Amino acid sequence: MSNRALGRATLARQSLLSRSDASALDMIEHLCGLQAQAPAPPYFALWARLTRFRAESLSDLIEKRAVVRIVAMRGTVFALSSSDALSFRPLTQPLLDRDLHTNTQYRSSLDGIDLGALAAAGRELVRDEPRTQSQMRPLLEERFPGRDGAALAHGVRGLVPMVQVPPRGLWGRSGQPALSTLESWVGRPLSAAPSIDTMLLRYLAAFGPASARDAQAWSGLTRLGEVLDRLRPELRVFAGESGPELFDLPDAPRPDPGTPAPVRILAPFDNVLLSHADRGRLLDDDVRKKVFTQNGIIKPAVLVNGRVAAFTTTVVEKSRAVLDVEPLAKIAKTHRTAIEAEGRRLLKFAHPDAPERVVRFTD
């Protein structure tokens, strides 16, 4: 399969070829969660993919505990359905365990500590009420004298499945992330026998066709080639343009490579850009270096004809909201017109009360 064919297949599954009429919860589950280091990106990710998305619909899901913000794939925060969190979080525990032994910032402070006792202490501290990590640090230092509180809190973060409770993650509101255990927050236990096979099939449905390395880049887990080999009889296998075998569900959409791809403005940290080891299906390497900053920020990317061709920055002034578009390649006039229209729709969603909304190109 060519990179162009892979790109069209991925965009189709991400509802980026045509927006979906699905509910916010259904889309979150289909996408295996939304990247959520910051509160706002999940809202923009859904706006880009759903026909009638209202920000309040995601806030309602978070307040009703149907969606939770939790550390999962790649050891970063995701907005996951509660059901997925109960199975995905145990499956990603090995990478969080690995972090406790390899994290250069905290490893020395956690060396030799009783991890079971640390996990128990963390659970006890949030049993009666949610606490922020800053609130937990001095309390953990009292229980583990001589240990650094920041390292202890980081250890609890990795050992205990915890969610960031509202108002964190609500549209137009925020606050420091206060933590509660996943099980107590949603009132259900972690999955007793979560299936890595099912998790990988879900990944392929949202991001395929994909290689074993792609699946590992998405999840942060290792040795997934063994799992895909086990699943091989029920999958289709393709040769990729850059070499590795690509696995896919037999009936998943694989549009013709010539299928038109409309302009789309992705969310900051959009997971579609982070879920493959080989990102050539959507962006060139020189473009990636301009969209992925050295301090870990992933800028809101603009897709033109199925590839990243620009990124955006929003500036809110007293009388207007401005979306600056910085091209990373030559953009035809017709595509600029489409970007302007999509940009105005985005500003109307994000800043409905702005007296004036402007889209301008910075080149």
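How do α13 and α14 lie to each other, oblique or roughly parallel? That was my opening question for this notebook.

**Ground rules**

I am looking at a predicted model, where local features need pLDDT of at least 70, side-chain atom pairs count only at pLDDT 80 or more, and totals for chains, interfaces and linings use all residues. Residues are numbered from 1 along each chain as its sequence is written, and side-chain values use heavy atoms, with hydrogens and water left out.

I also noted how elements get their names: helices (H or I, at least four residues) and strands (E, at least two) are DSSP runs, numbered from the N terminus.

**Entry one: α13 and α14**

I looked up helix α13 (residues 212-219) and helix α14 (residues 224-231), which pack at an angle of about 125° with their axes 9 Å apart. Axes here are lines fitted to C-alpha atoms, for helices over the stretch in contact, and angles run from 0 to 180 degrees between N-to-C directions. Therefore α13 and α14 are oblique to each other; angles under 35 degrees count as roughly parallel, over 145 as roughly antiparallel, 65 to 115 as roughly perpendicular and the rest as oblique.

Next I listed the contact (heavy atoms within 4.5 Å). On the α13 side I found Ala-212, Ala-215, Gln-216 and Ser-219, and on the α14 side Leu-224, Gly-225 and Leu-228. Sorted by class, that gives four nonpolar, three polar and no charged residues. For the classes, Ala, Val, Leu, Ile, Met, Phe, Trp, Tyr, Cys and Pro count as nonpolar, Asp, Glu, Lys and Arg as charged, and the others, Gly among them, as polar.

**Entry two: α12 and α13**

Then I turned to helix α12 (residues 196-207), which packs with α13 at an angle of about 100°, their axes 11 Å apart. That makes α12 roughly perpendicular to α13. Met-199, Leu-200, Tyr-203 and Phe-207 of α12 meet Asp-214, Ala-215 and Trp-218 of α13. I counted six nonpolar, no polar and one charged residue in this contact. Ala-215 turns up here and in the contact with α14.

Which residues of β3 are buried on each side? Val-77, Ala-79 and Ser-81 are buried on one side, Phe-78 and Leu-80 on the other, where buried means under 20% relative accessible area, exposed over 50%, and partly exposed in between (1.4 Å probe, protein chains only).

I checked the partners too; two strands pair if DSSP finds at least two bridges between them. Strand β1 (residues 34-35) pairs with β3 in the antiparallel sense over two bridges, and Leu-34 has Ala-79 as its bridge partner. Strand β2 (residues 67-71) also runs antiparallel to β3, joined by five bridges, with Val-68 opposite Leu-80. The β2-β3 hairpin has five residues between the strands, and Arg-74 there takes a positive phi near 60°.

**Entry four: strand β6**

Strand β6 (residues 178-181) has both faces covered, with Ala-178 and Ser-180 buried on one side and Leu-179 and Thr-181 on the other. I found β6 antiparallel to strand β4 (residues 131-132) over two bridges, and Ala-178 is the bridge partner of Thr-132. Four bridges join β6 to strand β5 (residues 162-165), also antiparallel; Gln-164 is partnered by Leu-179.

Last, I found Arg-254 in the loop between β8 (245-248) and β9 (264-265). Arg-254 is partly exposed, with a relative accessible area of 24%. Beyond its neighbours within four places in sequence, Arg-254 is in contact with several residues, including Met-1, Arg-13, Phe-238 and Asp-248.
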